[in-house]
Amino acid sequence: MASKKADAIVASRGATKALPEHTRQVNRSLILRTLFRSEAKSRADLARATGLTRVSVSRIVDDLTAEGLVRESGPSPEGRVGKPSTLIALNPDAYHVVTLDLSAYAELSGAIMNLDGEVVHSTSVPTDGARGAALLTKVCALASALVKRSTVRVLGVGVGSPGVVNDDGVVREAVAFEWHDLDVAAAISAVVPVPVHVANDANAAALAARTYGQPGVDNLALVRIGQGIGSGVIVGGTLVTGDRFTAGEIGHVLVDESGEVCRCGRRGCLEVVAAVPYIRKRLAEPGAQPQEILTRAGHALGRVLTPVVAALGLEQVVLSGPLDVVGGVFLEETRAAIAREALAIITDDVEIRVAVRGDDIVLLGGTALVVAEELGIR
Ligand SMILES: [Zn+2]
């Protein structure tokens, strides 16, 4: 797929003089994407992998070397005839990324990560119940402090926020924060000298699963099971946000007409059956049957996800949440429900698993967001 795209760009070069800068950017991203989380490659390998000419590859590699984004990693292994060619690798510490996770309510988490998503520094600050503008001030202060702290130049700031977030980083609605049409990206941009990108927390987590998870998975859902339940959906390698930026909002799908009243005011939403506070409350009741509680929760989630998996042809469903809740019976029952409720041809190959970095997946998502927007690695 990558090489087809490159061919199209190479082919269009002669036909139009429009946007040479754009072509340069796309080809640069193509090289970066090919080197990202991959073994070192020679210039000839890169030309083969991308469909670009050797001359183009050399020119782009020279530019990237000058910028420090790639480096020579020694001669290629023996076994080839002639002069060994030099191997090129991405330098994951060429830039660092500042990333924030606002989804924990009681605290704000922040980290500095390298381009491979490795944590260089992490911190958290209590929100002390702050809401509205006061909370935004705390968010801006944390972003600014982390950018200042970084000893490596910062590529950008990435933020995962609860609520409905549009393409411009405006939080349309985050009820618990009392944020309505709040331009969070602009507020942070005013205090840091680098680009700022903001996404819904589940969408950020989905980007993390796509960018830093198993390579080559283009169709996946990442489901966050926390205070509420939300998901991020990636189809054909692209995050699906929908017309109103609410795609993946599955938490208030009705699963039990006679169920408990939900915080949204309706009765029997998925959240009251399967979100963490409700599960923990039930587990703490005298005579609680953990097996039964977790089975019911996993089953409800599986039933809500089945049409999503079937309609979109997903390859992977990743659950992210506290392992003691989502790790065992919950996961198995989600898996079983999906297998039971759709044709085998749809669900046979679908991998349903728990996120590898569940604890900091939103922070990792903030990094994935910046790496995608600033370097075109997605
Ligand atoms: Zn609800």
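**Reading contacts, burial, helices and backbone angles**

Student: Which backbone atom does the side chain of threonine 127 reach, and at what distance?

Tutor: The side chain of threonine 127 reaches the backbone oxygen of tyrosine 105 at 2.8 Å. This is a polar contact (a pair of N or O atoms within 3.5 Å; within protein, one must be able to donate a hydrogen and the other to accept it, and residues adjacent in sequence count only if both atoms are side-chain atoms). The model is predicted: local features need pLDDT of at least 70, side-chain atom pairs count only at pLDDT 80 or more, and totals for chains, interfaces and linings use all residues. Residues are numbered from 1 along each chain as its sequence is written, and side-chain values use heavy atoms, with hydrogens and water left out.

Student: Is threonine 127 buried or exposed?

Tutor: Buried means under 20% relative accessible area, exposed over 50%, and partly exposed in between (1.4 Å probe, protein chains only). Threonine 127 has 3% relative accessibility, so it counts as buried. It sits in the loop between β6 (119-126) and α5 (132-149); helices (H or I, at least four residues) and strands (E, at least two) are DSSP runs, numbered from the N terminus. Not counting residues up to four places away in sequence, threonine 127 touches Tyr105, Ala106, Glu107, Leu108, Leu135 and Lys138, where contact means heavy atoms within 4.5 Å.

Student: What stands out about phi of aspartate 128?

Tutor: Most residues other than glycine have a negative phi. Phi of aspartate 128 is near 50°, a positive value in a residue other than glycine. Aspartate 128 is also in the loop between β6 and α5, and at 62% relative accessibility it counts as exposed. Aspartate 181 has a positive phi too, near 45°. Aspartate 181 belongs to strand β10 (residues 179-183) and, at 49% relative accessibility, is partly exposed.

Student: Which residues of α5 are buried, and what do they pack against?

Tutor: The buried residues of α5 are Gly132, Leu135, Leu136, Val139, Cys140, Leu142, Ala143, Ser144, Leu146 and Val147. They pack against β4 (96-101), β5 (107-114), β6, β7, β10 and α6 (184-189).

Student: How many residues of α7 are buried?

Tutor: In α7, 12 of its 12 residues are buried. What covers them includes β7 (154-161), β11 (196-200), β12 (220-225), β13 (229-235), β14 (238-240) and α14. At the start of α7, a side-chain oxygen of asparagine 200 comes within 2.9 Å of the backbone nitrogen of alanine 202.

Student: At what angle do α7 and α14 pack?

Tutor: Axes are lines fitted to C-alpha atoms, for helices over the stretch in contact, and angles run from 0 to 180 degrees between N-to-C directions. Helix α7 (residues 201-212) and helix α14 (residues 361-375) pack at about 75°, with their axes 7 Å apart. That makes α7 roughly perpendicular to α14 (under 35 degrees is roughly parallel, over 145 roughly antiparallel, 65 to 115 roughly perpendicular and the rest oblique). Among the contact residues are Ala204, Leu207 and Ala208 of α7, and Ile361, Leu364 and Ala368 of α14.

Student: Where does glycine 313 lie, and which residues does it contact?

Tutor: Glycine 313 lies in the loop between α10 (290-312) and β15 (316-320). Leaving aside its neighbours within four places in sequence, glycine 313 contacts Asn219 and Val308. At 43% relative accessibility, glycine 313 counts as partly exposed. The C-alpha atoms of glycine 313 and valine 235 are separated by 8.5 Å, although the two are 78 residues apart along the chain.
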